[in-house]
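This report describes a two-chain model and the interface between its chains.

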Amino acid sequence: MEVNQNTIDELVSDAQRGDTASVGRLFDLLADRVYRYVRFRVHGDDDAEDLTQIVFLEMIRSLPRYKQQEGVRFTTWLFQIARFRLIDHYRAARQEVTLDPELADTQPQLQAPPGDFAALGSGEVIDRALAALPEQYQTVLHLRYREDCSTQEIAAVLGTTEGNVRVLQYRALNTLRDQLDLEKL
Amino acid sequence: MTPMTDQELEARLRNASRTSLRPDVHARMRASVLAEFQRVTNSSADRYNEQVNGPFHFIIQLFTTHPMIPALIAIVLIISTAGTAVAADRAKPGDRLYSIDRGLEVAKFAVVFGDDAKTKYLQELAEERGREFGELETEGDAAHAEEAQRHALDALERVRIRLENNQASDRAREEIEDRIDQLRDRFDLEDEPGNPTGLTEAEATVHGQTTTVQYEFNDRKSTITLQTTDVDQIVTSLADLLNIDEAAVRAVLRVEITGDNSGRGSDDQDENANGNVNDDNEDNQAGLTEAEAKIQGGTTVVKLEFNDQKSVLTLQTTDVNAIVQAIASNLGIDEATVRAVLKIEYEDDQGAENRNVNENQNTNSGDQEDEDQNDNENSNENQNSNTNSDEGESDDEDRNGNENQNTNSDENGQDDSEGEDDPEDREEDNSGSGGDQEDPEDNS
């Protein structure tokens, strides 16, 4: 669903003034996008749903400090929150995993654990391959091709430079291509 | 198998699955989010709004939605502020609002523009303190009455300084001075402060042709020696030296005469005169029991009691030696006897106008009428002719302004000594009356 950026900005302003309806409308517009961002990077729907809710709760608590900036969309800020919560989730999952010495070496650092692809259709193989990529590659490709974020916005989410984003994007595409090739084998 | 191109890969990424939250999960999560939003905003609504909109957003929003509120607040503020100011204005020393009253007065003085207005405002403050003083005195609050009086006097002093500095127009000055005089009367103040000039004591001792003046100025005692015996010149010299008004000098000056007449010409004269008098008029010398000279402007009125007979001698001079000589000559006694008895004092505060007229006459002696010149040159004769005359007969027009009163005394002396004195020497002696003053600092 294509949403006008001005609409989101107005809803954000109203929400900052305490308008509950605007918060509900923002959630309706952005919940699925956040959910998709996290869905294939965590185990199961429950973790994805929990993470999505955590992201929106933090959005509400942080909303008074948010300041609209020229050329930067609200969703960029929202995905930044999502990424940090996702990283937290990875760290927590890694600590849980490392409790089992036999499984310790199977978890790459900050790499998304494999999703449950068995339940997915054949058309969703790309998601499976994407989920196998390092976290930064996943974020760059997701924001670039599914959220149509600009290089500048992706750089803001990742906390890096636009040049680095272009390098990451190039490497992520090559890695994804290799991954898909592996899937075909 | 050819690998996917970037375009194909990007197309597959864009067309990937569109996973969505299940409706029930979406609804449940939405409810949780809104509940959290309500909790956050309700628990810290002020902080939330303040953080979102800045500290004044609530006020701005309130003013926007209720435009009458700013007007109401303004009215309340004006009424409350004005009420406080009015209440403070009525405050007296000892009241809680008195400090506010004083603060408001200072603030108001700062915004009053123009010398007239500022001086007038200070005068009004002094009057206000005066009213407060009266009220407190009536109430028996002596301590605070004293405070009010002190503040009133401070204000008066400030007014006086502004008037002295010409920080008021003539028209405003007249009105302000009238009001100030009334206030001074209320506080039983003299027109002139006790001794604003700092001169508290001045004693001139005439000996021969010089005068030594011991004076106390600003609590420092000093001595000055003047080459003159003319009291008016002594006054002028001291006033010039201390840069104060002559009236201030006259107010405290006392003149004494020593028996030693050390003037060269006078010595000869005295020796001769004393010899003659001592030989021929012992009874007469003993007969002089009172000689009181009162100087009024350029005229000296001498009250004498000689051989139990009282008389008045009016002299057109203020020179001490000339006065002594005139008395001695008039009574036919020696000058030492006169000096032993003579007291010299100022009758009252001499008007500057008379003094100035006299001085002008002195400087314009060349234009004086012959009658005046004759009077001047023959002053001793005139003085003698005035013997036993009433004091009221002294006429300013008859006063002979002398170009230099010392010169006048010289001429008198010359007349008395019948050429034995050297006028040039006298002039040399007297010429230094102003310039040869000793530095009081050195003499202190």
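## Interface and fold

A salt bridge (a side-chain nitrogen of Lys or Arg within 4 Å of a carboxyl oxygen of Asp or Glu) joins A:Arg61 to B:Glu36, with 2.9 Å between the closest N and O atoms. The model is predicted: local features need pLDDT of at least 70, side-chain atom pairs count only at pLDDT 80 or more, and totals for chains, interfaces and linings use all residues. Residues are numbered from 1 along each chain as its sequence is written, chains are lettered from A in the order in which they are written, and side-chain values use heavy atoms, without hydrogens and water.

The rule finds 4 salt bridges across the interface of chain A and chain B. On the side of chain A that touches chain B, α2(A) supplies the largest share, 11 residues. Helices are DSSP runs (H or I, at least four residues), numbered from the N terminus.

| Class | Residues of chain A touching chain B |
|---|---|
| nonpolar (Ala, Val, Leu, Ile, Met, Phe, Trp, Tyr, Cys, Pro) | 18 residues |
| polar (the others, Gly among them) | 6 residues |

Contact (heavy atoms within 4.5 Å) links 42 residues of chain A with 36 residues of chain B. The two chains bury about 3800 Å² between them, 62% of it on carbon and sulfur atoms; buried area is the accessible area (1.4 Å probe) lost on being put together, summed over both parts.

Chain A has 8 helices and 0 strands. Of its 185 residues, 49% count as buried, meaning under 20% relative accessible area (1.4 Å probe, protein chains only).

Definitions and conventions:
Helices (H or I, at least four residues) and strands (E, at least two) are DSSP runs, numbered from the N terminus. Buried means under 20% relative accessible area, exposed over 50%, partly exposed in between (1.4 Å probe, protein chains only).
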